[in-house]
Amino acid sequence: MYEQEKIKPYNEGDKGQQVEAMFDNIAHAYDTLNHRLSWNIDKYWRRKAIGQLAPFHPRHILDVATGTGDFAILAAQMLHPTHLTGTDISTGMMKVGEEKVKAAGLSSVISFAREDCMRLSFADNTFDAVTAAFGIRNFPDLERGLKEMCRVLKKGGHLSVIELTTPVSFPMKQLFWLYSNTVLPLYGKLISKDSSAYSYLNKTIEAFPQGETMMNVLRNAGFEKVSFKRLTFGICTMYFAEK
């Protein structure tokens, strides 16, 4: 078990159920907080991660932990797939995403489905690409979730993941710790009205495996040609792999 798997948003119950409840609670404020707390750099991170897939022209894409659909929408606009399926455990987040997809005129390309990342309902070898942005650190079982993502990916298909991480070099490491342990949870509480959510999210960032360690996790899940790149002084890390 990885350390972030032990961390729960609330005190009682299954982690998956708690994560679902937490994201339902903060869905109304999630986009505002994401963009403001990252100073809108999160948009750049998504664009970089989607750009990794561009040379392969994936036609059928699965976006796991799609949330409010920001990654799905940008992927549809940049990659022009035949279809993109966004899945999440939180219906509250996806309701926000559905409205954004309609506004972007992408309803014929993007669809949403409530799915448990531990037990995806899709058949083996279904998708040309699988993506995830800022979601895999919430998996109750990281390796199981990644194995499911590998299972539904076609042979030769690609995985593109971005995840928040902790910088490794001075002084950004110290500055990020200060920011994430003071500004992030306080502002998150004020806007979302959930005192636990952004404290939980910060703790999972600190506990989550990153860099070379995460590459080994991906290999253990069945992926090959694994690579990573730190973005913005290591605040975010981008992973890429092939099945």
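Author: A residue counts as buried under 20% relative accessible area, as exposed over 50%, and as partly exposed in between. The model discussed here is predicted.

Reader: Why is Arg151 called partly exposed?

Author: Arg151 has a relative accessibility of 22%. Because the buried class ends under 20% and the exposed class begins over 50%, Arg151 is therefore partly exposed.

Reader: Where does helix α5 lie?

Author: Helix α5 (residues 142-151) lies across β1, β4 and β5, and runs at about 140° to β5. These strands belong to an open sheet of seven, in the order β3-β2-β1-β4-β5-β7-β6, with mixed pairing.

Reader: What makes β3 and β6 the edge strands?

Author: Each of them pairs on one side only. Two strands pair if at least two bridges are found between them. Strand β3 is joined by five bridges to β2, in parallel, while β6 is joined by six to β7, in antiparallel fashion.

Reader: What makes the pair of Glu20 and Arg114 a salt bridge?

Author: The side chains of Glu20 and Arg114 meet at 3.1 Å, N to O, against a limit of 4 Å. Glu20 lies in helix α1 and Arg114 in strand β3, so the pair ties together parts that are 94 residues apart in sequence. Arg114 has a relative accessible area of 44%, and is therefore partly exposed.

Reader: How many salt bridges does a search of the whole structure find?

Author: The search finds 12. One further example joins Glu3 to Lys6, with the closest N and O atoms 3.0 Å apart. Asp31, Asp70 and Lys100 are linked in a network of salt bridges.

Reader: Why does Thr85 count as buried?

Author: Its relative accessibility is 10%, and the cut-off is under 20%, so Thr85 counts as buried. Thr85 lies in strand β2. Beyond its neighbours within four places in sequence, the residues in contact with Thr85 include Ile61, Phe122 and Phe127.

Reader: What makes the approach of Thr85 to His83 a polar contact?

Author: The two side chains make this contact at 3.4 Å, and the limit for such a pair of N or O atoms is 3.5 Å. The value therefore falls within the limit.

Reader: In helix α8, which residues are buried, and how do you know that they are on the same side?

Author: Met214, Met215, Val217 and Leu218 are buried. They cover an arc of only 160° around the axis, which puts them on the same side of α8. On the other side of α8, Glu212 and Asn220 are exposed. The cover over the buried residues of α8 includes α5, β5, β6 and β7.

Technical notes
Residues numbered from 1 in each chain as written. Predicted model: local features only at pLDDT ≥ 70, side-chain atom pairs only at ≥ 80, totals over all residues. Heavy atoms only, no water. Helix = DSSP H or I, 4+ residues; strand = E, 2+ residues; numbered from the N terminus. Contact = heavy atoms within 4.5 Å. Axes fitted to C-alpha atoms, helices over the stretch in contact; angles between N-to-C directions. Buried < 20%, exposed > 50% of the residue type's maximum accessible area, 1.4 Å probe, protein only. Polar contact = N/O pair within 3.5 Å; in protein donor to acceptor, adjacent residues only side chain to side chain. Arc of directions from axis to C-beta.
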